[in-house]
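This report covers a domain interface and a ligand site. The structure is shown first, and the text follows.

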Amino acid sequence: MTKLTILAGEVLFVGAGPGDPELITLKGLRALQQADLVVYAGSLVNPALLEECRQDCEIHDSAPLNLDQVLKLLFAGAKDGQRVVRLHTGDPALYGAIQEQMEALDAADIPYRLIPGVTATFAAAASLKQELTLPGVSQTLVLTRLAGRTAVPDSEALGNIARIGGTVCLYLSVGMMDKLVAELLAGGVFTPQTPVAVVYRASWPDEKMVEGTLADIAATVAEAGITRQALILVGEVLKARQQGVPEKSKLYDPGFEHGYRSKDG
Ligand code: SAH
């Protein structure tokens, strides 16, 4: 196995995963263990991961910093020949604000790489013990959000997205449950009976899960006191745990031949 070696003066954007420190990738962990400088997104990255850093590693929380201040730290480290890790929650490519950081590194000729991470959607699915794609139910996953302080392009307004149906996974939106429900219903595919699951801090020790339908989930979430750091899953697949799968997968069907297996019998 070729193991990761961070080069002097290189920046690694690393996905920390959803919270459980064991859900970082092996490569991500190796990056943390080698780093001279770590700048982590303190709002959602589990600080337990920082115990993996070397004793003499310089560590900064980016939560109170603006983009320029973060870049200053990354630049100074890289120019000094340090091995730099920029640790983001979940996967860095999703709502991670990394493109602008990479653009600035490009402009300064600083080399960088990305190491992916487990995004909140998959941590939530694992906690629920739920497959997100089921034959005959949904084969499409939509990862999206409601507009907050960051706008969402009109064509991607949740009411439009909801016309597709499928399994919809919503980030950054649990504080706006009434609007979320109204827009999902406006798509014309989901109904008040469509199941919804909300997972607060998936994979953390204080994780909380609530479930319901589009008709009652807003009230249930309010009762549970969940106002942030939650992932919302919407779609018919969520019925399978109670009602069973309507169609078994072709992949393990005895009559289905594929590259790795011939038909049984
Ligand atoms: N890059 C991250 C997402 C950052 S946006 C990722 O890939 O997961 C922050 C939002 O992600 C939160 O508002 C919440 O909606 C979701 N989130 C992050 N970690 C979570 C967790 N452990 N459980 C539930 N939702 C989480």
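Between domain 1 and domain 2, 2 residue pairs are in polar contact, both at pLDDT 80 or more; a polar contact is a pair of N or O atoms within 3.5 Å, and within protein one must be able to donate a hydrogen and the other to accept it, with residues adjacent in sequence counting only if both atoms are side-chain atoms. On the side of domain 1 that touches domain 2 there are 6 nonpolar, 3 polar and 1 charged residues.

The model is predicted: local features need pLDDT of at least 70, side-chain atom pairs count only at pLDDT 80 or more, and totals for chains, interfaces and linings use all residues. Residues are numbered from 1 along each chain as its sequence is written, and side-chain values use heavy atoms, without hydrogens and water.

Domain 1 spans 11–115 and domain 2 spans 120–242, with bounds from an automatic or database domain assignment. Their C-alpha centres are 29 Å apart.

The ligand is surrounded by 18 residues, among them Pro18 and Thr119 (a heavy atom within 4 Å).

| Residue | Ligand atom | Distance |
|---|---|---|
| Leu94 | nitrogen | 2.7 Å |
| Ala120 | oxygen | 3.0 Å |
| Ala230 | oxygen | 2.7 Å |

The protein covers 95% of the 540 Å² of accessible area that the ligand has on its own (Shrake-Rupley method, 1.4 Å probe).

Technical notes
Ala, Val, Leu, Ile, Met, Phe, Trp, Tyr, Cys and Pro count as nonpolar, Asp, Glu, Lys and Arg as charged, and the others, Gly among them, as polar.
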